[in-house]
Amino acid sequence: MTAVDTAGIATILACFAPVGFHAPWQRFDVDAEAWTAIAKSLGDGAADLLGLWGDVGAVHMALRAPPADPCVVSVAVTPTLPSPAGPLPFPPPLAGEGGVGASGGGTGRGRFPSVGRFHPPAIRLERTICDLYGHVPADAPDRRAWLDHGQWGLHAPLGAETPAPHRDPTDYEFLAVHGHGLHQIPVGPVHAGIIEPGHFRFTANGETVARLEERLGYVHKGVDALLTDAGLAKAARIVARISGDSTVALSFAFSLAVEAALGIEAPRRAAILRGVMAELERIANHLGDIGAVCNDAAFALIHAHCGIFRERVLAASDAAFGHRLMMDRIVPGGVAQDIAADGGAAILAALDDIAPRFEEIAALYDDTPSLQDRTCATGYVAGDLVKRWAAGGHVGRASGRNFDARRDLAYPPYRGLSFAVPLYATGDVDARVRVRIDEVRASMRMIKDWLVHLPSGPALTPLPQVSGPREGIAITEAFRGDVLVWLRLGADGQVARCHVRDASWFQWPLLEAAIENNIVADFPLCNKSFNCSYSGHDL
Amino acid sequence: MRTLLLKSLFAAPVTIGAPNADDAALKELGRALAARGRRLFGRSLTIREIDAGSCNGCELEIHALNNSVYDIERFGLKFAASPRHADVLLVTGPVTHNMKIALERAYAATPDPKWVVAVGDCGCGCGVFEGSYAVIGAVDKVLPVDLHIRGCPPRPIDLLRGLIALVDQATAKA
């Protein structure tokens with residue numbers, strides 16, 4: 001790639017005025033031409049795609065081109081779109097989705113210029129917009145349905161809401177794989193463990209995986225629709241249940257977005273308590289994952305110890321905040337309830353107990369060649385792929401992408417805080433385990449510092465009355481990567497529209513790359529080292 | 001590793017004491033379980049967990065049942081990878097339209113006699129996802145449910161108490 005024109009997007013946006021109230025970053029309504037130019041810049045690597053989602057009559061895209069702040073650009077969908085000649089969609093459009101019936105040509109289905117055509121990370125997001133809103137990405141490279149398995153009885157449930165006949169869910173065209181001696185292994189949606197549902201279609205040559213193609217959407221619960229015109233309290237409870245393992249990070253992002261839209265900031269004490277909860281969640285999940293990865297390599301000892309550590313963390317979280325996963329504890333304005341009187345002591349005691357024992361386990365991981373034989377060089381993801389997909393969390397940082405929303409989009413209480421962000425270049429299962437080990441240590445230090453100097457004061461501030469629609473956006477660093485929440489509050493101060501983008505959106509596609517040329521038996525290991533969310537992705 | 005193993009050998013167990021069977025669960029099961037199937041199981045049941053639409057919160061706590069603190073296997077309960085090996089389907093919800101067929105197939109693949117336990121506020125009701133075009137709702141809208149374990153998510157200890165009630169009832173001498 002030649003020198004990247006990072007000024008390009010800024011130059012394009014300079015022609016447009018930012019919309020009314022959108023905080024803390026700006027949003028621009030652009031035309032189809034500018035949208036396409038931005039999509040091309042994304043494809044050239046000029047910016048990271050942070051999200052792409054539908055709205056009534058429009059499509060929004062969040063992007064970030066450092067050193068500039070992130071921004072949102074929006075384009076109105078139009079029934080007719082002057083589209084340049086592009087590659088033919090693959091596979092041919094489904095009935096009722098372009099070619100047949102309600103074609104994109106003028107029967108009311110809105111079209112927008114495809115981003116995925118230039119920037120592949122956008123493809124699944126565009127398929128989702130088409131499923132949910134019926135907006136057709138013009139000249140999109142892949143027009144298959146994604147979340148819509150033909151079971152809702154509805155086309156475009158957030159758009160035209162037209163009745164649709166049930167389709168056979170197995171009627172899905174997987175990408176063709178050609179070659180000698182290939183066979184397919186279909187796995188899921190129900191998997192052989194206590195995990196979420198999704199379908200994996202392996203094409204293997206003997207034991208070696210030639211291609212993995214994922215099919216997700218099984219746990220789609222219609223969150224975008226439920227959040228539309230929802231009360232603030234109801235919306236907060238739904239967002240907290242988008243992905244149970246990231247409930248704190250999701251509530252955190254939702255609350256920050258609401259506060260941004262209202263132009264307020266949570267009190268200092270609340271910000272610190274939010275940080276404590278977010279880091280406890282990170283520690284608990286990382287402990288679970290470190291153990292589970294080792295368990296998938298048949299090394300049960302580490303799994304057993306990590307299980308005990310995790311239990312200690314959850315019990316301390318329960319003692320301090322009244323819920324093991326700390327669900328519904330972070331709310332717009334602060335935290336729902338202050339930390340219990342002896343909560344800080346309970347957390348510190350748990351961490352002091354775990355810290356030295358965790359080091360023994362980390363040393364055991366280091367000193368066991370038979371274990372590293374399984375994790376090293378397994379499930380490799382190239383650095384340029386991670387960069388292109390703007391993959392966050394351990395997936396990004398294990399392949400050299402130096403990004404952490406806590407540091408790079410610093411929000412309270414991380415603003416002004418100095419902490420090390422682990423970075424590895426090997427991009428394998430081992431690197432993803434090591435990122436987690438380092439982060440457990442860093443999070444323990446952060447929590448200890450915060451709890452020792454916990455400021456006094458209120459933990460919740462009342463929300464002001466506002467007039468007119470106001471929009472807010474926030475990104476927080478969940479244990480698996482950055483989550484984005486964008487919302488619009490109506491004149492009544494309630495949520496008019498809200499969209500949540502989990503880190504998994506930009507990690508799932510890389511899992512397909514990670515397993516290539518590995519043996520089928522290493523898939524659980526690779527999958528666990530990613531630990532993408534199904535529910536957070538399917539929404 | 002040797003020092004670690006040696007240390008663990010002499011350390012006190014971390015496993016919690018056995019909780020009592022949940023009274024409400026016993027009552028519900030008393031109605032649900034006929035003499036059918038009793039005596040077939042020597043105080044042992046195999047569980048297949050199925051996520052039919054959950055946010056994964058319930059799965060995290062179900063996972064915890066396998067750790068050394070709750071150690072579910074000491075009560076004769078263990079998780080199996082296939083519904084073909086299962087006596088109990090532990091189902092979390094809300095059941096989504098996209099998961100309905102898979103859930104029905106897993107149930108059909110489970111040999112009789114079998115029990116279905118609905119887990120979590122979403123599996124027992126519909127939770128916060130009530131009213132969505134994409135969800136069917138509670139597990140009992142799709143399968144006959146023998147036991148409900150509520151909570152968002154239920155704590156491992158609550159799961160354990162419900163499941164112990166199930167193993168007590170299912171394996172009691174008729």
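Two strands pair if DSSP finds at least two bridges between them. Helices (H or I, at least four residues) and strands (E, at least two) are DSSP runs, numbered from the N terminus.

The model is predicted: local features need pLDDT of at least 70, side-chain atom pairs count only at pLDDT 80 or more, and totals for chains, interfaces and linings use all residues. Residues are numbered from 1 along each chain as its sequence is written, while chains are lettered from A and ligands numbered from 1 in the order in which they are written.

**A sheet in chain A**

Four strands of chain A form an open sheet in the order E1-E15-E16-E17, and their pairing is mixed. E1 and strand E17 (495–501) of chain A are the edge strands, each pairing on one side only. E1(A) pairs with strand E15 (residues 470–478) of chain A in the parallel sense, over two bridges. A:His22 has A:Glu471 in E15(A) as its bridge partner.

Helix H6 (residues 247–262) of chain A lies across E1, E15, strand E16 (481–489) and E17 of chain A, and runs at about 150° to E15(A). For such angles, axes are lines fitted to C-alpha atoms, for helices over the stretch in contact, and the angles run from 0 to 180 degrees between N-to-C directions.

| Cis peptide bond | Omega |
|---|---|
| A:Ala23 to A:Pro24 | near -5° |
| B:Asp112 to B:Pro113 | near -10° |

A:Pro24 lies in the loop between strand E1 (22–23) and strand E2 (27–30) of chain A. In chain B, B:Pro113 is in the loop between helix H4 (100–109) and strand E5 (115–119).

**Loop residues of chain A**

A residue is buried if 20 or more other C-beta atoms lie within 10 Å of its own, exposed if 12 or fewer, and partly exposed in between, with C-beta atoms placed from the backbone.

A:Asp229, in the loop between helix H4 (223–227) and helix H5 (232–239) of chain A, is a non-glycine residue with a positive phi, near 55°. A:Asp229 is partly exposed, because it has 14 C-beta neighbours inside 10 Å.

A:Asn517 also has a positive phi, near 70°, and is not glycine. Its loop runs between helix H15 (508–515) and helix H16 (523–530) of chain A. A:Asn517 counts as exposed because 11 other C-beta atoms lie within 10 Å.

A:Gly400 sits in the loop between helix H12 (393–397) and helix H13 (405–408) of chain A. Apart from neighbours within four places in sequence, A:Gly400 is in contact (C-beta atoms, placed from the backbone, within 7 Å) with A:Gly383, A:Leu423 and A:Ala425.

Terms used
Two residues are in contact if their C-beta atoms, placed from the backbone, lie within 7 Å.
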